[in-house]
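Please look over the sequence and the model before reading on.

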Amino acid sequence: RSFFAVRSSTMRTRLLLLCCSLAAVADWVPLPSSSPVPEGSSVRMDLSTGERWLEVNETVDQRFVRSVNVATQEEDVASSGTRRATLISSLAKVPDFEAAVLENMTDADLDDLWSARQVDLADAMDHATDAVKAMATKLATLKAYLDLDLDKEGGGGDIMVVATLEALDDDVDDLDNARDFAMALQGLPSLVALCDDDDPETASAALQVLGTLVKNEVELQQIVRPTVLPSILTRHLLSKGRGTAKKALYALGSLVRGNTAAIADLTRRGGVDAIVAALRAALFSEEGGKSVVDKAAVVDKAATLLGDVVTGPMHDDACDALKDATAWHLGEKRGPRKLDNLIRASKSLVPSCHRRWASTGFPLTDVAAAIAESPDLDPDYRTELMDLVTQFRAELDEPPPPPVAPRNPDTSPPLLLA
């Protein structure tokens, strides 16, 4: 196609996305039988169950308030008979106050304190709803990209969508925003769909957001993992798109790190082999135009993730991959600071690779020489790295641990997966 045709198509695409992002996001939510119908609202009824549904077009405010109400219990402080007891009970739940102190306050002081807390709460709600509104606008842009099935022949991804995802990544780094995006705005389906987008740049940006969204929230990890884990392991880790494998490793680490059931699920799906394959692909593949920096990022993240998730013996190829990665770092003369994570991860895997490394060697002498010869290292940091190498070598010199029989799925108890 001509330059002008592409330019025109891109302009039309951005106008469509902008219009869709400004549109109200209508939805239907359950309306309890005890609740009156808000004036001017549309209601429909499920004749088979009698359940009433309310149409909400303001979406963001109502969804946010509903999500807060579900997570908190509203208390009645209007009744004079229970007012003092209820105020004390409510305020005692705030970390700033202790029940014993509140008990000694006068009714007037309690009323003043309660009023001040309501002002603080209103300010916090205003700030929170502003953040949710901003995320809702971004989500509308992403949905427009998905729903309109826009032309992606350019190969670089739609600039607006990638920029939107990058901005959203900053939003969901806040835990409350992450929960609101997933629960109040119901943004997970769109984000998961974008992780499998045909354009590598868009998929990479979506994987980055996914990793940030779930990294501190076990509940979200459990919701997302069954859907995205297979595509990360079978597709994204070996992607030739620049940056995709790195973002996939970040998302994968966020989904499973520190979660025993998730690590068991990863292992059952062949995740360790997939991570090793990504590491080897970064080291030895010349395809995809990966720079030394790109390769190093994948190698470091893959090695660190192996150190976090492997608890049993690893096959020789996996152990050799870590040794080869260390040799590659040394050959590229990237310096001790760049080796830090790799050596720490490898050291944590000595119990898994002891037999292999004891017989074939691990380039610890070369690592120690690189540390000693580096002129710009802080003395304390140099000592720390040398101590790490010394401990690594001592563990390799110890007698090997007794072999651990591999798990037999036919005779071993079933794995409990989240």
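Is Cys195 buried or exposed? The model discussed here is predicted.

## The setting of Cys195

The relative accessible area of Cys195 is 2%. Residues under 20% count as buried, so Cys195 is a buried residue.

## Helix H6

Seven positions need to be considered together here: Val161, Val162, Thr164, Leu165, Leu168, Asp169 and Asp171 are the buried residues of H6. These residues lie on the same side of H6, because the arc they cover around the axis is only 165°. On the face turned away from that buried side, H6 carries the exposed residues Ile159 and Asp170.

## The disulfide

A disulfide is a covalent bond between the sulfur atoms of two cysteines. In this model the count of disulfides is 1. The partners are Cys319 and Cys353, with sulfur atoms 2.1 Å apart. Cys319 belongs to helix H15 (residues 316–331) and Cys353 to helix H17 (residues 350–360), so the pair ties together parts that are 34 residues apart in sequence.

The link of Cys319 and Cys353 is left-handed, with -85° about the S-S bond. Both Cys319 and Cys353 are buried.

Notes. Residues numbered from 1 in each chain as written. Predicted model: local features only at pLDDT ≥ 70, side-chain atom pairs only at ≥ 80, totals over all residues. Heavy atoms only, no water. Buried < 20%, exposed > 50% of the residue type's maximum accessible area, 1.4 Å probe, protein only. Helix = DSSP H or I, 4+ residues; strand = E, 2+ residues; numbered from the N terminus. Arc of directions from axis to C-beta. Disulfide = S-S within 2.5 Å.
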